[in-house]
Each structure stands twice: as structure tokens, then as C-alpha cells.
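Hello,

Here is the structure for your files. My notes on strand pairing and salt bridges follow it.

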Amino acid sequence: MDKFTNSAWFMRIVAFALAALLFISINFEMESDKKSLGLSTAPEISTETIENVPVEVYYDRENLVVSGVPETVDVTLKGAKSLLINAKNQRDFKVYVDLSDPAISMGDRTVTFKISELNEKLVATIDPEYAEVNVQERVTKEFSVEAEYNSSLLEEGYTAGQPTVSPKTVKITGAKDAIEQISYVKANLEISKGLNETVNSKATVKALDRDLNKLDVTIEPSSVAVSLKVSIPSKTVSIAPKQTGKAKDGIRITSISVDPKEVTLFGSETSLEKIDEINLPVNISKIDGDTELELDLNKPDSVQKMSLGKAQVKIRTEKVDVDKENAEPVVEEEEPETEQKQEEQVVEEKPEPEEEDEAAAIESKTFNDIQIVPVGIRDDQDAELESDVTSITLLGEADDLKKITKDDINLTVDVSNLDEGTHDVDLAVTVPEGVEWELDSKTVSVTITQKDEET
């Protein structure tokens with residue numbers, strides 16, 4: 001082994017290996033130094049397209065309006081890949097149109113897009129290269145705003161008033177030609193189908209020409225508050241109890257009364273015109289004596305809603321002798337009246353109505369502290385009456401007045417169509433037939449307030 005290591009050939013091989021390693025090391029370091037100094041081989045050239053680059057427009061914004069300049073353009077860059085990647089990520093260059101020359105004239109012109117703040121080692125191509133623009137004098141004018149909505153979206157039976165707008169006017173700024181083309185300034189209220197309540201919302205304002213094309217102008221404010229009052233026609237009708245079934249033997253129905261005596265219906269005007277009363281069927285077949293019932297009111301199909309769904313019914317009865325009832329027709333058959341007797345009876349009965357007429361004198365009867373009942377209160381409102389009781393004077397025959405009690409008098413006030421605030425509302429009066437009535441005041445003051453929203 002020592003002989004081999006001491007040989008000349010071994011030393012030559014070792015020297016050659018060390019020289020090769022040294023050569024490789026020196027070349028590697030030189031390449032690294034060249035790259036760090038930018039002295040490497042030619043860089044890789046690429047292209048990159050950057051889309052939707054914003055366009056800036058330089059001009060006298062206080063006195064001029066420029067239209068026709070696209071909001072964005074596409075920029076294709078060519079150069080070293082590393083520079084392209086940086087430009088795409090940073091987007092630190094600008095594309096612009098320069099119309100800042102004070103001597104620029106009004107009208108149409110062709111302008112070229114320019115680019116700034118781009119690395120000088122990159123070459124840029126802009127698509128499109130130029131734009132056809134229009135330069136006009138800047139004009140500001142005040143216009144009235146008209147609100148509109150799609151009435152077909154209202155729920156069936158409901159109606160809406162004229163929408164109100166706040167503020168009523170807006171300032172519109174734009175090119176003189178565009179301002180002169182304005183024919184309508186609209187605020188379209190967006191509503192959903194089946195609308196059945198008042199709407200308070202914001203609506204965007206648009207300026208339109210006579211062909212309803214939207215114009216490119218600036219509107220201040222851009223939106224307005226729109227209020228649309230939605231209501232439903234109403235009609236107050238009487239509740240008419242209708243006897244159904246047959247009374248039990250020995251029971252005679254003497255009277256059927258209902259409380260309240262009226263109900264307010266809500267629906268389309270054409271539907272309400274056809275309804276004069278609401279029938280309330282009262283089955284007497286199971287009545288054994290004086291009875292009070294709470295019965296459901298049947299809502300007509302053409303009516304949207306009613307102010308109440310139930311009513312109290314009072315049934316008054318009397319006991320009768322079944323044998324006597326059955327015997328009465330027999331007596332009449334066994335002892336028929338002769339024509340002579342009938343004539344005598346007629347002669348004798350003739351003076352009776354005259355005596356009743358002479359005795360019948362118009363009298364008055366006053367009832368105090370009659371309750372006034374508000375009807376039609378909406379779920380989101382409270383109604384407060386200045387006074388919820390009043391006095392009423394009835395005029396009629398003495399016998400009729402004796403039979404009347406407070407329960408036979410019904411005073412209501414319809415608040416279904418009232419907005420927030422204080423209103424004087426007519427009283428609706430229901431009294432028994434055959435009597436007249438008088439009130440100290442036929443109206444009552446009602447204050448409507450919105451309920452606090454639950455939190």
C-alpha cells in the first residue's frame with residue numbers, strides 16, 4: 001500500500017482530481033456573481049394581459065362634463081417575466097386620458113389612452129387604443145320628482161293613494177345636451193305582490209328622456225323617501241239574526257237580539273255595494289229557556305275581512321201550554337164566525353186604531369253613559385277616544401220607549417282608515433226600529449298612535 005501511494009501515478013491522479021474540483025467551484029461562483037450583478041444570460045421575454053384597468057380622465061370638472069370614456073381598458077405588457085409578474089400583482093401604473101388643456105373646445109373628439117408610472121423596461125399596448133368622447137358645458141338644474149309604483153301588485157280589494165315624496169325636488173348635473181333632454185324624473189317604489197299595508201321606503205331617482213331612456217347624469221340626492229298609503233274600503237252593515245230550526249214543544253221564542261248590532265266589512269267597493277247586512281243563523285231547536293250564545297259571523301267570500309268575528313246573541317222565551325196551543329185551532333173550526341158577526345167585529349174594531357193614534361204621543365227618553373266602541377283598530381295602532389261614553393236621547397211612542405234598555409243601543413266609531421294623529425270621526429248609531437235619536441255631538445275625537453315595536 002505504501003508503495004502504491006508513493007508512486008508517481010498516484011500523485012498525478014490526485015493532482016488532476018483537485019484541479020477539476022477547483023475549476024468547477026470557480027465557475028459556479030462566477031455564475032452566481034453574474035446573476036447578482038445582472039450579468040447573467042438574456043432574460044426570458046413574455047407577454048401578459050391585464051384586464052379591466054381603470055381609466056382616469058383629467059379635465060376641468062367644475063365647468064365641463066366629459067362622456068364617452070370607457071371606465072376600464074385592457075393592457076398587454078411585454079418584457080422580462082419577473083417584471084411582468086410584479087406589474088400584474090402591484091398594478092402600480094395608470095391609464096389616463098388628458099383633456100386638461102384650458103383651450104379645449106366643446107363637442108366630439110378622438111382621444112388616445114396614455115400610460116404612466118410603468119417600468120421603462122416593459123412595453124405596453126392598450127385595447128382600445130383611443131376613444132370617441134364628447135365635451136360639454138357642465139349644467140346643474142332642479143327638477144321635481146314623481147313617485148310611481150305597480151298598482152297591480154296591491155292585494156285584491158285594497159287601494160292606494162297618491163304616493164308622497166321627500167324631498168320633492170332634486171338637483172341634476174350633467175352635460176347641457178343631456179339636461180335639455182330630461183322629460184321625466186321618476187322614483188320607482190319597489191313593492192312586493194300582495195301589498196296590504198302602508199309603505200314607507202327609499203326609492204332611487206332616475207332621469208329619463210321622452211322615450212323613457214335613462215340619461216347619464218348625476219342626481220343629488222340619488223334616492224328619496226316615498227310614502228304610499230294603502231287602505232281598504234269599508235262599510236258598516238247591520239247584523240241580522242235569522243231563526244233556524246223549530247222550537248221545542250212548550251217553548252215560544254219571544255225575541256232574539258244581537259250585540260253588537262253592526263259589523264264593519266272591508267273589501268272592494270264593488271263587493272261592498274252588494275251587501276246590506278250580515279245574516280247570523282240562530283238555531284232554536286235546542287233552546288229550553290232564556291239563553292245567551294256567542295256565535296261566529298260568516299264572512300262573505302267577496303269580503304277581505306271583518307271588524308269582528310263573533311257576536312253575542314240573547315234569546316228570550318216564554319212557556320206555553322201545549323194543549324191550549326193545539327186546542328185553539330179546533331175552537332176556531334167548531335165556532336166559525338158568520339158573515340154578520342165578522343161585519344159586527346169589523347165595525348167594533350174600527351175605532352180602536354183611532355183611539356191608539358189619539359193616545360200615541362211622541363215622548364223622549366235619555367240614556368246616559370252609553371259606551372262608544374272603536375272598531376277596525378289595526379294591529380300596529382292604538383286608538384284613544386277623548387271620551388268613551390256619551391248621552392243619547394231617543395224619541396218615540398211611550399210604549400216603545402219603555403221597552404228599550406241600554407243594551408239595545410249601540411254606538412261605534414270606525415278607525416280603520418285613520419293615520420297617526422287626532423281626528424274627529426262620525427259616530428255610528430244603532431237603536432231599535434221605530435224610534436229616532438239625538439246626540440249632543442255626532443262626532444268624537446280619536447287619537448291614533450303607533451304601538452311601540454317589541455324588542
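Lys-248 is partly exposed, at 35% relative accessibility (buried is under 20% relative accessible area, exposed over 50%, partly exposed in between; 1.4 Å probe, protein chains only). This is a predicted model: local features need pLDDT of at least 70, side-chain atom pairs count only at pLDDT 80 or more, and totals for chains, interfaces and linings use all residues. Residues are numbered from 1 along each chain as its sequence is written, and side-chain values use heavy atoms, leaving out hydrogens and water.

Lys-248 forms a salt bridge with Asp-288 (2.6 Å, N to O). The cut-off: a side-chain nitrogen of Lys or Arg within 4 Å of a carboxyl oxygen of Asp or Glu. Asp-288 sits in the loop between strands E21 (277-283) and E22 (291-296), and Lys-248 in the loop between E18 (234-244) and E19 (251-259), 40 residues apart. Strands are DSSP runs of at least two residues, numbered from the N terminus. Asp-288 is partly exposed too, at 46%.

Glu-318 and Arg-252 form another salt bridge (2.9 Å, N to O). Glu-318 lies in strand E24 (residues 310-319) and Arg-252 in E19, 66 residues apart. The count comes to eleven salt bridges.

Now strand E16 (residues 223-228). Its covered face holds Val-224, Val-226 and Leu-228. Ser-223, Ala-225 and Ser-227 are on the uncovered one. E16 runs antiparallel to E11 (residues 164-166), with three bridges, and to E14 (residues 199-208), with six. Strands pair if DSSP finds at least two bridges between them. Val-165 stands opposite Val-226, and Ala-203 partners Val-224.

Best regards

Definitions and conventions. Helices (H or I, at least four residues) and strands (E, at least two) are DSSP runs, numbered from the N terminus.
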